[in-house]
Amino acid sequence: MFFKNGNFRLCLSSLLIAFGITGLAAGCATTDEQVNRTSLVHRYTDNQNGIDGLDNVRRLLFDDIRRVLYAVSADDDALAVYRVAEDLSLTMLDMMSGNEAHGALVGASDMTFSGVNQDIQVVSFYSGAVAQFRLQDNASLHLSSYLTDRIDIQRVFKQSKPISAQQDTLALLGPYAIVGSHNGISYVASNVSQALVKVTSTQGKLSVKQILRASQVNALAGAVSVALSPDENLVAVAGMQANQVTIFKAGALQSLVLQHTLPDEQHTELTEPVFVTFVPETGGLMVATQSGVYHYQQNPAGRFILLEQLSVADPQPLPGVTRIVFSPDGHCLLALSESSDQVNVFARQSNGRWQFSELINVAGAKSPTSAAFFSPTQVAISFAKSDALYIYGNVCTHQRGER
């Protein structure tokens with residue numbers, strides 16, 4: 001492992017909670033129909049029972065048939081892969097870290113699938129790198145390509161002198177989020193470079209095709225999250241320092257083109273947006289900020305207009321959310337808060353709005369960071385400070401009436 005020093009690690013772990021412990025009250029309210037039906041099926045802890053790679057997990061992903069689970073660990077500096085049994089138990093298949101990945105996994109922070117072969121692409125905060133892997137037929141991970149400027153970590157995180165764009169040629173300093181498409185194009189939100197980077201993969205070889213920096217688009221300052229619309233025609237980026245979310249027109253054969261920026265005239269402020277994602281089926285957009293979660297819908301002109309602010313009980317907002325994950329059928333979402341250690345469940349109503357269903361009992365686990373659904377009612381959730389992964393059943397089964 002590289003740079004286990006806590007001073008460096010603090011920079012990564014504090015990115016999304018630096019704005020304070022704002023979510024302590026989220027999800028505590030009760031409602032007249034609240035019923036907690038979720039059940040804990042399996043619990044896995046790092047370095048126990050043959051399971052490794054769970055030290056500060058930042059992201060979980062399943063393959064398309066949900067029989068293989070991937071995890072990226074910021075403190076193991078690793079990509080790990082597990083086999084999923086019929087009873088949802090996990091068996092360790094492989095883990096790549098350290099020198100095996102040529103230093104490209106230090107502070108692994110996010111991953112995505114990209115291309116028809118569903119290769120795994122990982123961004124690593126401290127490495128300043130994007131790396132592409134493939135799970136081979138023998139169940140081992142293979143590193144096929146990676147991109148990095150290899151600027152010294154001390155230079156990036158310890159020295160106050162700015163790094164010029166001429167030095168930061170790939171704009172991959174402090175990459176925090178990545179999203180991939182079916183045509184082999186990925187988009188990276190680079191927090192330290194304050195940039196959105198378009199990356200392509202051709203025959204397993206990564207290359208940078210376009211860079212947009214905050215000097216060109218102010219709203220990219222502090223880029224910390226990136227999302228791709230279901231039709232892969234739009235890219236949304238959360239600029240934490242800019243207090244804005246930017247939507248770009250995208251495409252395999254065209255450059256990114258700025259479409260518009262939020263907040264709009266109906267919403268005067270977005271305080272430190274930390275996560276953005278598109279809503280399945282409806283074409284909506286969810287934005288998680290320091291103060292709450294906001295749901296936007298597209299109008300006929302293609303602009304995103306504020307529809308609602310999610311709440312656990314009107315008018316109580318939902319602050320401190322750092323990731324939103326939708327069930328495979330798109331009818332349920334989990335709102336995860338690292339600062340408050342809470343996972344709130346919402347159900348989609350027939351009018352397209354979202355209503356609070358329940359608060360998952362996390363049994364004392366700390367800092368939920370990611371969730372991946374086995375099925376519409378079964379989910380794996382990672383807990384960064386607990387170095388653990390919990391698997392739940394009977395999630396998203398509680399039906400609620402209309403608002």
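Select Ser127 and Gly103. A polar atom of the Ser127 side chain lies 2.5 Å from the backbone oxygen of Gly103. That makes a polar contact: a pair of N or O atoms within 3.5 Å, where within protein one must be able to donate a hydrogen and the other to accept it, and residues adjacent in sequence count only if both atoms are side-chain atoms. This is a predicted model, in which local features need pLDDT of at least 70 and side-chain atom pairs count only at pLDDT 80 or more, while totals for chains, interfaces and linings use all residues. Residues are numbered from 1 along each chain as its sequence is written, and side-chain values use heavy atoms, with hydrogens and water left out.

Stay on Ser127. It sits in the loop between strand E7 (119-124) and strand E8 (129-135). Helices (H or I, at least four residues) and strands (E, at least two) are DSSP runs, numbered from the N terminus. Is Ser127 buried or exposed? Ser127 is buried, at 15% relative accessible area. Buried means under 20%, exposed over 50%, and partly exposed in between (1.4 Å probe, protein chains only). Leaving aside neighbours within four places in sequence, Ser127 has contacts with Gly103, Ala104, Leu105, Val106 and Thr148. Contact means heavy atoms within 4.5 Å.

Next, select Glu86 and Arg67. They form a salt bridge, with the closest N and O atoms 3.3 Å apart. A salt bridge needs a side-chain nitrogen of Lys or Arg within 4 Å of a carboxyl oxygen of Asp or Glu. Glu86 is in the loop between strands E4 and E5, and Arg67 in the loop between E2 and E3, so the pair ties together parts 19 residues apart in sequence. Glu86 is exposed at 67%. Arg67 is partly exposed at 29%. The structure holds seven salt bridges.

Now pick Asp168 and Arg213. Their side chains meet in another salt bridge, 3.5 Å from N to O. Asp168 is in the loop between helix H2 and strand E10, while Arg213 is in strand E13, 45 residues apart. Asp168 is buried at 4%, and Arg213 is buried at 15%.

Move to Cys332 and Cys396. They form a disulfide, with sulfur atoms 1.9 Å apart; the cut-off is a pair of cysteine sulfur atoms within 2.5 Å. The structure holds one disulfide. Its S-S torsion is about -60°, so it is left-handed. Cys332 belongs to strand E25 and Cys396 to the segment after strand E30, 64 residues apart. Cys332 is buried at 4%, as is Cys396 at 15%.

Select Arg348, in strand E26. A polar atom of the Arg348 side chain lies 3.4 Å from the backbone oxygen of Gly330. The C-alpha atoms of Arg348 and Gly330 are 7.9 Å apart, though 18 residues separate them in sequence. Arg348 is buried at 17%.

Then show strands E28 (residues 368-375) and E29 (residues 378-383). They pair in the antiparallel sense over six bridges; strands pair if DSSP finds at least two bridges between them. Where is the turn? Two residues lie between E28 and E29 in this hairpin. Ser375 stands opposite Gln378. Eight of the eight residues of E28 are buried, so it is largely enclosed by the rest of the structure.

Finish at Leu285. It is among the residues with the most contacts inside the largest nonpolar core, which has 39 residues. Such a core is a set of buried Ala, Val, Leu, Ile, Met, Phe, Trp, Tyr and Cys residues joined through side-chain atoms within 4.5 Å. Strand E19 gives the most to this core, with four residues.
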